Amino acid sequence: MQSQIKHTQSQIKHIHQQLVSKHISCVDLVQQKLDLLKQNSNGSVNALLDTYALELAQAVDAKIAKGENIGLLEGIPFGVKDVFMLQGTYTTASSDFLKQYKSAYTASAIQKLLDAGAIPIVKENCDSFGHGSSNENTIFGAVKNAQDETLVAGGSSGGSAVNVAKDYTVFSIGGDTGGSVRQPAGYNGVYGLKPTYGRISRYGLMAYASSTDCVGPLAKSVEDIRIVLNTISGKDIKDQTTYDSSQIDETTLENASGIKAVGYFKNLLENDAMDPTIKADFMDSLEKLKAKGIQVKALDFLDADTLVSTYYILAMAETASNLSRLDGTNYGNRINAENLIESYAVTRSENFSEESKRRIVGGNQVLSQGFSDEIYLKSLAIRDKISADFEGFFQDVDIVLSPVTPGLPPKVGDSLKDPLAMYLSDAFTVGFSLGQLPTLTVPKGTATGIQITAAKTEDERVLQFAHLLEETL
Amino acid sequence: MNKVMTVDVLSSIKGATPSEAINKLFEVINKANLSTGDSVNNSNKSAVSVESLREDLVVGSSELEKQLIVENFPKEKNGYLVVAKVIEA
């Protein structure tokens with residue numbers, strides 16, 4: 001039966017129909033996207049998977065020619081952030097360290113998409129090892145915003161957001177540790193989901209901060225986010241933090257009648273760094289929800305400085321630990337020196353970017369004797385408080401809404417000059433990461449969108465509310 | 001004996017020094033007020049219970065995977081993979 005939902009036009013379904021009706025061949029579709037990616041001036045591409053993608057497309061066309069049925073995702077071209085393993089392809093993390101590294105295996109989330117017949121066409125530019133919020137920390141050159149090339153694309157999944165925004169990919173798979181899917185989605189005007197931590201396997205995603213790392217889809221409609229989410233979710237023996245989740249049905253998204261109350265963080269909006277237009281537009285969106293009979297409640301949360309500091313301290317500690325494996329011994333760009341210890345030091349000094357080094361050094365400070373009690377354990381305690389606060393909030397409200405960013409995208413070059421300002425620009429995204437909550441960027445309401453968050457494992461509710469929000473704004 | 005290690009040694013990064021931007025994050029946490037009763041309970045809800053641990057299985061790599069691992073090794077000479085020089089006092 002044809003769905004009655006009108007506000008979420010699924011590109012996946014549209015292209016599927018075009019393929020099935022032979023309106024377009026899969027080879028032509030993939031070639032068109034490859035041509036667009038090749039010519040693009042936004043710097044969103046690290047590597048094109050042209051030969052591989054065209055082979056897969058030919059197989060889809062052959063199937064259609066034989067009159068066989070194809071699945072919904074079969075033949076749909078998608079992008080992959082260059083931190084995901086895809087066997088036999090370069091997986092560089094946009095770094096000098098892994099410039100020549102080829103994935104030996106395939107990430108679980110990407111494998112599920114391959115199994116469903118989707119076609120990966122590009123490894124996408126991103127901040128090196130996910131370290132950045134502007135996509136300027138990359139050896140492939142800054143990614144430029146889809147709407148204005150003088151501005152940054154955001155990060156770290158900036159290439160993925162731009163490719164979706166410009167229709168170079170139908171959807172892309174990004175990674176979100178502290179906002180890396182949601183913030184570039186907001187900056188480029190697309191949807192981006194950070195699901196509940198553990199809903200999608202992290203196996204084959206290069207580890208940044210393991211306790212908040214999430215795989216997340218970016219797309220142009222809620223419906224496409226739903227389709228991809230359903231495909232890549234699920235328990236995976238290769239990532240023991242994963243959990244079993246139910247498929248989210250399209251028809252259930254139409255019914256948001258269970259959502260009676262939403263909350264927002266009043267104190268974060270009162271921060272001096274808040275752009276007045278984003279604040280005004282956000283408050284206006286709340287008014288429109290009130291007019292629809294939704295109760296709106298102000299919530300008192302931690303201040304922006306504490307949220308950002310807690311997140312970065314824990315993320316730096318985890319990344320210092322995770323990236324200690326990169327020493328040029330078994331893979332990566334080894335630089336030999338007079339002995340082993342010198343080889344490690346020279347290899348790491350020459351191959352990590354300034355931002356990655358800053359975070360590794362900060363992480364090792366955090367974990368060192370004398371610092372760990374005052375800084376690391378205290379940050380863990382604050383994280384526990386954040387989780388407890390969220391549990392309390394969701395006793396009271398069904399959804400928490402917030403802007404995605406306090407400001408507009410900066411100009412290319414500005415964020416590199418002021419790393420602290422870049423960290424503080426994550427004020428609205430990092431709290432939900434620490435809470436491991438499902439959060440979706442909807443490109444409506446403010447210039448950089450609105451985030452919808454629900455309690456843990458309530459990803460369905462987030463998508464339900466996204467429908468309601470689209471109808472309202 | 002308590003041996004003090006500098007951040008460059010801890011990080012294996014030559015000339016590394018603490019950054020001003022990150023020191024500011026530390027200052028915020030140092031000054032943060034945790035109300036009474038807030039303490040680390042480390043209620044790590046992502047931890048796996050012993051009963052849920054997967055079986056300890058050895059899974060062999062495919063030929064392609066082995067070939068890619070060899071290809072990624074930084075140095076090869078006469079068919080052997082060459083490790084970094086180990087000279088310790």
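Two strands are taken to pair if DSSP finds at least two bridges between them, and in this predicted model strand β10 of chain A, residues 439-442, pairs with β11(A) in the antiparallel sense over four bridges. Within this pairing, A:Thr439 stands opposite A:Thr453 of β11(A). Strand β11(A) is also paired with β9 of chain A, which spans residues 399-403, and here too the sense is antiparallel and the bridges number four.

The burial of β11(A), which comprises residues 450-453, was examined on each face, and both faces are covered. A:Ile450 and A:Ile452 lie on one side of the strand, A:Gln451 and A:Thr453 lie on the other, and all four are buried.

For chain A as a whole, the average pLDDT is 95, and 98% of the residues score at least 70. An exception to this confidence is found over residues 1-6 of chain A, where pLDDT stays under 50 and for which the model has two contacts beyond four places in sequence.

The secondary structure of chain A consists of 18 helices and eleven strands. The radius of gyration of the chain is 21 Å, close to the 23 Å that the globule rule gives for 473 residues, and chain A is therefore as compact as a globular protein of that length. Taken along the principal axes, the box filled by the C-alpha atoms of chain A is roughly 65 × 55 × 45 Å. Of the 473 residues in chain A, 60% count as buried, and among contacts in the chain with a separation of 6 or more, 74% are between residues 24 or more positions apart.

Chain A also meets chain B, with 56 residues of chain A in contact with 43 residues of chain B. The elements of chain A that give two or more residues to the side touching chain B are α11 (304-322), α12 (340-351), α13 (354-367), α14 (372-396) and α16 (419-424). Of the contributions to this side of chain A, the largest share is that of α14(A), which provides ten residues. Classified by residue type, the side of chain A that touches chain B has 23 nonpolar residues, 22 polar residues and eleven charged residues.

Definitions and conventions. Residues are numbered from 1 along each chain as its sequence is written. Chains are lettered from A and ligands numbered from 1 in the order in which they are written. This is a predicted model: local features need pLDDT of at least 70, side-chain atom pairs count only at pLDDT 80 or more; totals for chains, interfaces and linings use all residues. pLDDT is the predictor's confidence in each residue, from 0 to 100. Two residues are in contact if their C-beta atoms, placed from the backbone, lie within 7 Å. The radius of gyration is taken over C-alpha atoms; the globule rule is 2.2 Å times the number of residues to the power 0.38. A residue is buried if 20 or more other C-beta atoms lie within 10 Å of its own, exposed if 12 or fewer, and partly exposed in between; C-beta atoms are placed from the backbone. Ala, Val, Leu, Ile, Met, Phe, Trp, Tyr, Cys and Pro count as nonpolar, Asp, Glu, Lys and Arg as charged, and the others, Gly among them, as polar.
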